Amino acid sequence: MMRSRTVWATTALLTATLGASVAPAVAAPTAARTAAVVCPTGWGSLGETYLASTTRPVTNVRTGRHDCYDRFVIDVPGASADRLGFSVGYVDQLYQDGSGRPIPVGGGAILEVRVDAPAYDVDTGASTYPGRVAQPLPGVNLTGYRTFRDTRYGGSFEGVTQFGLGVRARLPFRVLRQADHLVVDVAHTW
């Protein structure tokens, strides 16, 4: 009887060992080491203004997607950061400067972005930015953006260039003045 138990125990142990070695190897799940994204805080949704101006013209507008926010950049080559005046704030309706004509902007909220720089050569009056009033901004594709929904050109009147930025909701934003461009970041969430 003792010999029978030993045989069974040995058989069980041998079967377990062989079974483990014959079974296909399954890779243990690897813990992906991703850095936790820490989004900036302290932004708000109240309007921001900086009083200054430049005669350097607006030449381009571009956008970018980031982990925590969508970015709107107005290029003003040759303008120093301290000369880039602006007014950025949420509005119920975008009205074209000069004419007062309403410009429809899609999205849950409208962020009006005004930069105190013309979109034309001040000496010749020739346009330096290809945007057309009330139309989407040329070269800007918002496919895949989490916050941005629409862009519209408001025009350039008396040295101030105006844009309408349609966003998903009234979300916090920040404005950065840098040499050669004005940057507006709109957060994905509160």
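Biologist: Leaving aside neighbours within four places in sequence, which residues is Thr-161 in contact with?
Modeller: This is a predicted model, where local features need pLDDT of at least 70, side-chain atom pairs count only at pLDDT 80 or more, and totals for chains, interfaces and linings use all residues. Numbering starts from 1 along each chain as its sequence is written, and side-chain values use heavy atoms, with hydrogens and water left out. Contact means heavy atoms within 4.5 Å. On that basis, Thr-161 touches Val-58, Val-113, Arg-114, Val-115, Ala-117, Pro-118, Ala-119, Tyr-153, Gly-155 and Ser-156.

Biologist: Is Thr-161 buried or exposed?
Modeller: Thr-161 sits in strand β9; strands are DSSP runs of E, at least two residues, numbered from the N terminus. Buried means under 20% relative accessible area, exposed over 50%, partly exposed in between (1.4 Å probe, protein chains only). With a relative accessible area of 0%, Thr-161 is therefore buried.

Biologist: Which side chain joins that of Thr-161 in a polar contact of 2.9 Å?
Modeller: A polar contact is a pair of N or O atoms within 3.5 Å; within protein, one must be able to donate a hydrogen and the other to accept it, and residues adjacent in sequence count only if both are side-chain atoms. A polar side-chain atom of Thr-161 also lies 3.2 Å from the backbone nitrogen of Ala-119. The side-chain partner at 2.9 Å is Ser-156.

Methods: Helices (H or I, at least four residues) and strands (E, at least two) are DSSP runs, numbered from the N terminus.
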